[in-house]
Amino acid sequence: MTIPVLKFDAVVVGAGGAGLRSAIQLSEAGLKTAVLSKVFPTRSHTVAAQGGVAASLGNSEEDNWHWHMYDTVKGSDWLGDQDAIEFMCKKAVEAVVDLEHYGMPFDRVDNGRIYQRPFGGHMSNFGEKPVRRSCAAADRTGHAMLHAMYQRNVKANTQFFVEWMALDLIRDGEGHVVGVSAMEMETGRIVIFHSRATIFATGGAGRIFASSTNAFMNTGDGLGMAARAGIPLEDLEFWQFHPTGVAGAGVLITEGVRGEGGILRNASKERFMERYAPNAKDLASRDVVSRAMTTEIKEGRGCGPHKDHILLDITHLDPATILKRLPGIREISIQFAGVDPIEAPIPVVPTAHYQMGGIPTHYDGRVVVPREGDPRSVVPGFYAAGECACASVHGANRLGTNSLLDLLVFGKSAGDSAAEDLKSGKAHRDLPKDAADRIRARVDALDKRTGGIPVFEARKAIANTMQHHAGVFRFSDLLKKGVTKILEVEKAIQNLEIKDKSQAWNTARIEALETENLIEVAKATMVSAEARKESRGAHVRDDAPDTPEFPNGRNDKEWLKHTLWFRDGNRIEYKPVSMTPLTVDTIALKTRSY
């Protein structure tokens with residue numbers, strides 16, 4: 001069956017922060033650029049980012065990018081690549097200034113400079129004390145960012161395809177990426193987007209967990225497409241659980257609340273973080289705070305009738321400060337927790353939030369699949385940025401506000417690299433002759449299945465398995481059982497059935513296609529987590545405890561390396577961490593404490 005083909009110089013999949021930033025570079029370079037998005041761009045999940053974007057502006061106190069780099073390497077538990085981290089931290093000020101020039105309405109201090117607030121893990125003078133580094137627009141930073149960049153794209157004539165879902169990456173016989181197939185969600189119409197450059201900015205896959213801050217659209221589409229196209233996924237054992245999701249709802253309460261002076265308290269009203277992180281206290285790194293909260297709950301010091309949550313207290317702050325700096329958080333707390341934070345503490349629990357791993361990507365935005373003797377083996381025509389990519393700057397644990405910085409720096413970098421590569425003016429490479437047949441066969445097979453597992457049951461099975469077997473704390477026996485269980489779920493999903501055919505044109509079919517992406521991410525996470533026999537950052541195992549020989553359970557001799565998971569055979573390979581920065585001295589390994 002014939003499928004229409006649309007030709008563009010560049011196709012960007014995803015219209016969140018990274019996708020919009022990439023598209024600006026491409027469109028302003030005069031390239032014909034298409035952006036595909038499952039939702040209207042200003043509703044992309046970047047809109048949920050509240051607290052700010054990290055940059056060492058030094059507007060309120062002394063700061064510099066060297067300190068930011070140190071904090072990011074330390075936060076990553078030394079699994080981040082130091083060349084990529086230096087690149088990101090150096091580019092941070094420029095990234096924020098670009099946004100300012102696009103018209104983003106940052107909060108200001110009295111002298112007119114951009115307002116900055118403290119955030120967890122961001123310190124001055126190489127870990128001495130917290131520093132104000134997060135550039136914020138109240139508690140709606142992501143919202144403001146998306147609007148500013150969407151308007152810039154409209155000005156640059158970027159062409160948007162809204163409510164379209166990318167289905168599969170298309171590679172030719174030599175391994176070049178030549179575009180994507182996609183479905184218009186309203187009609188079910190399938191189109192091939194034939195491009196000279198394809199950029200994935202599809203965001204995360206937090207919906208593999210039952211309790212998540214992620215929107216329902218965060219189903220790891222880019223990762224699923226990459227895995228099916230033979231590209232490995234990197235470091236997916238590392239998932240960040242945000243310390244403060246609303247108890248029972250999972251909705252995010254920004255770390256900016258603690259940056260403004262919020263305090264975590266247990267059932268005895270004790271400020272318990274002083275015991276776990278005497279220096280940084282409530283502004284320690286996210287994995288440290290999440291584990292401390294989970295420990296308090298497990299040891300019986302949780303709050304509420306079921307002792308199943310912790311309290312985030314800002315009642316001691318001036319109400320005017322809350323109304324000015326945290327208006328959205330007050331709304332969320334009232335709506336989802338039934339609590340006005342001016343009057344009473346907010347009930348919170350650690351909640352799945354962010355994937356540190358993703359599609360293996362160089363800091364220039366080009367996707368790389370290391371081969372023996374060639375660690376810098378580029379996948380021609382393919383680029384990635386944002387949460388779906390692994391540069392790797394976050395390593396085993398991301399610092400708050402480095403996510404929006406990641407979007408900006410690597411979104412721009414990917415756009416610039418693609419524009420540079422397209423300067424040659426080479427024509428589109430030919431599509432594989434069976435490209436249309438393959439995607440049509442996949443969709444038709446899904447539509448025709450009967451007697452299989454319903455979509456909602458499949459997604460519930462994925463989420464419950466991941467939540468139980470690969471949560472904040474991980475146990476050797478549970479991980480082994482988790483691998484078996486998730487492979488059983490995968491087998492069931494191979495017979496996934498759309499039960500309500502009358503709705504197949506929209507919700508049911510789209511959710512089924514999303515489920516096929518979710519299971520790839522879930523497999524990669526579980527298999528990679530079971531294989532890594534140490535504790536590092538967000539990955540903490542009971543059989544790798546804190547000892548004098550292995551502080552915090554980290555084993556640098558055996559495990560200072562990145563995981564690469566290949567879909568073919570659930571195969572694991574490893575590659576070295578880049579310990580060599582671009583221009584400064586290497587930040588030496590040390591015990592991580594706050």
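What follows covers the cavities and the residues around them.

This is a predicted model, where local features need pLDDT of at least 70, side-chain atom pairs count only at pLDDT 80 or more, and totals for chains, interfaces and linings use all residues. Residues are numbered from 1 along each chain as its sequence is written, and side-chain values use heavy atoms, with hydrogens and water left out.

**Cavities overall**
- There are four cavities of 30 Å³ or more, a cavity being a set of points on a 1 Å grid over the protein atoms alone where a 1.4 Å probe fits but cannot get out.

**The largest cavity**
- The largest cavity holds about 750 Å³ of space, a volume being the space filled by probe spheres set on grid points joined across faces, edges and corners.
- Its lining (residues with an atom within 4 Å of a point) is made of 49 residues, and His45, Thr46, Gly203, Asn218 and Glu387 lie nearest the centre.
- Elements giving two or more residues to this lining include helix H1 (17-28), strand S7 (164-171) and helix H11 (402-421); helices (H or I, at least four residues) and strands (E, at least two) are DSSP runs, numbered from the N terminus.

**The second largest cavity**
- The second largest cavity has a volume of about 60 Å³.
- Among the residues lining the second largest cavity are Trp239, Phe241, Arg286, Asp287 and Ala538.
- Strand S11 (239-246) and helix H8 (286-298) each give two or more residues to that lining, and H8 gives the most, with four.

Technical notes:
On a 1 Å grid over the protein atoms alone, a cavity is a set of points where a 1.4 Å probe fits but cannot get out, and a pocket is an open set with protein on both sides within 12 Å along at least five of seven lines; lining residues have an atom within 4 Å of a point.
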